[in-house]
Amino acid sequence: MTLLAYWKGAYEAWIDYPQRSGKLLGGRYRIERFLGVGSFGLTYLCCDLHSNDLVVVKQAKPSKKQLGRELLRRESEMMEALKLPEIPASYGLFEADKQLYLVSEYRQGQTVEQLIFERRAVYAEKDALRIIRSLMAIVSAVHEQGIVHLDIRIPNVILRGERISLIDFGLASRIGEPARVETEANEETRRRRTPEVASDLYAVGHFFLFMLYSGYDPDDKEALTGVSWEKELNVSAEVKRMLRKLLQLDLPYTDARDFIHDLDASLQA
Ligand SMILES: Nc1ncnc2c1ncn2[C@@H]1O[C@H](COP(=O)(O)OP(=O)(O)OP(=O)(O)O)[C@@H](O)[C@H]1O
């Protein structure tokens with residue numbers, strides 16, 4: 001690494017350092033807790049002093065300059081366009097101390113990532129099918145409005161009992177618009193980021209695999225490292241068929257409703 005690259009990295013880490021708990025943003029939102037940092041934003045749980053409600057406030061990462069701000073504006077626009085009960089409501093953007101922030105509704109619960117990796121939740125095939133079915137109801141409603149999420153992953157789905165929420169619309173795009181991927185992006189990134197229905201379904205395929213792997217104990221079996229999910233996971237023939245289509249190993253689904261049809265048939269079986 002060159003000395004310049006080193007200093008640039010150190011400078012960015014410094015300007016992107018999360019703000020402290022207790023600080024008031026825009027004279028209204030008191031930081032309760034830092035929730036996390038993504039590629040383009042810093043997310044905080046805040047108390048809205050006007051309503052006394054907890055809200056989520058996302059700050060465009062200072063080091064990402066104009067691009068970070070543009071993406072936050074887009075995220076706000078997408079959330080405004082998608083008023084669905086399973087998507088946190090957007091309360092709009094504000095600017096303070098030259099920083100741009102997006103305020104949205106806080107959804108209690110745990111992300112599927114936290115449930116699997118921290119709570120050690122284990123999902124049997126039927127449980128996973130039910131959750132994927134609820135997720136697909138949201139995904140399909142998003143698609144019906146001409147939008148694709150493009151970042152469906154286990155940290156972006158929150159569960160609380162039967163209630164499911166899909167968050168993080170930072171990469172959401174209108175179906176058919178040009179892909180916003182770098183020219184040197186690999187095949188996997190293209191599959192996930194091209195603004196078309198198949199990209200979300202591909203991501204749901206991986207989400208589904210994460211849930212099914214939650215019950216996988218490699219000690220139960222011979223050393224299978226490096227062997228594909230089809231050999232490692234003990235799943236029904238119908239689930240295998242759905243996964244192969246989602247993951248584009250067989251002729252892919254072109255519409256979320258076709259996958260939902262197969263899910264319903266499997267759940268009723
Ligand atoms: N509306 C919300 N309700 C509850 N928790 C939330 C909400 N939005 C975000 N979070 C929490 O904050 C974390 C980071 O938020 P978010 O995914 O929006 O940020 P990000 O910067 O885009 O991160 P990444 O790109 O790494 O997913 C989430 O994983 C989740 O735990």
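## Close-up views of a predicted model

The crossing of α4 and α9 is left-handed. Each legend below belongs to one close-up of this predicted model.

**View 1. Helix α4 against helix α9.** Let's begin with this pair of helices. The axis of α4 (residues 125-144) comes within 10 Å of the axis of α9, and the two cross at roughly 155°. Angles over 145 degrees count as roughly antiparallel, and α4 and α9 are therefore roughly antiparallel to each other. On the α4 side, look for Leu 129, Arg 130, Ile 132, Arg 133, Met 136, Val 139, Ser 140 and His 143. They meet Ala 256, Arg 257, Phe 259, Ile 260, Leu 263, Ser 266 and Leu 267 of α9. By class, this contact holds nine nonpolar, three polar and three charged residues.

**View 2. Helix α8 against helix α9.** Here α9 (residues 256-268) is seen with another partner, α8 (residues 237-246); their axes come within 10 Å and cross at roughly 165°. That angle makes α8 roughly antiparallel to α9. The crossing of α8 with α9 is left-handed. Four nonpolar, one polar and two charged residues make up the contact of α8 with α9.

View 3. The domain assignment divides the protein chain into domain 1 (12-105) and domain 2 (110-268). Taken over C-alpha atoms, the centres of domain 1 and domain 2 are 27 Å apart. Domain 1 gives 13 residues to the contact and domain 2 gives twelve. Helix α2 (residues 65-81) supplies five residues, the largest share of the side of domain 1 that touches domain 2. That side of domain 1 has nine nonpolar, two polar and two charged residues.

**View 4. The shell around the ligand.** Finally, meet the 20 residues that surround the ligand, the closest being Leu 35, Gly 36, Gly 38, Arg 107 and Asp 168. Strands β2 (29-37), β3 (41-48), β4 (54-60) and β6 (99-105) are the elements that each give two or more residues to this shell. Domain 1 and domain 2 each contribute at least three residues to the shell around the ligand. Sorted by class, the shell has seven nonpolar, nine polar and four charged residues.

How values were computed: Residues are numbered from 1 along each chain as its sequence is written. This is a predicted model: local features need pLDDT of at least 70, side-chain atom pairs count only at pLDDT 80 or more; totals for chains, interfaces and linings use all residues. A residue is near a molecule or strand if its C-beta atom, placed from the backbone, lies within 6 Å of it. Helices (H or I, at least four residues) and strands (E, at least two) are DSSP runs, numbered from the N terminus. Ala, Val, Leu, Ile, Met, Phe, Trp, Tyr, Cys and Pro count as nonpolar, Asp, Glu, Lys and Arg as charged, and the others, Gly among them, as polar. Domain bounds come from an automatic or database domain assignment. Axes are lines fitted to C-alpha atoms, for helices over the stretch in contact, and angles run from 0 to 180 degrees between N-to-C directions. Angles under 35 degrees count as roughly parallel, over 145 as roughly antiparallel, 65 to 115 as roughly perpendicular and the rest as oblique. A crossing is left-handed if the near helix is turned anticlockwise from the far one by less than a right angle, and right-handed if clockwise. Two residues are in contact if their C-beta atoms, placed from the backbone, lie within 7 Å.
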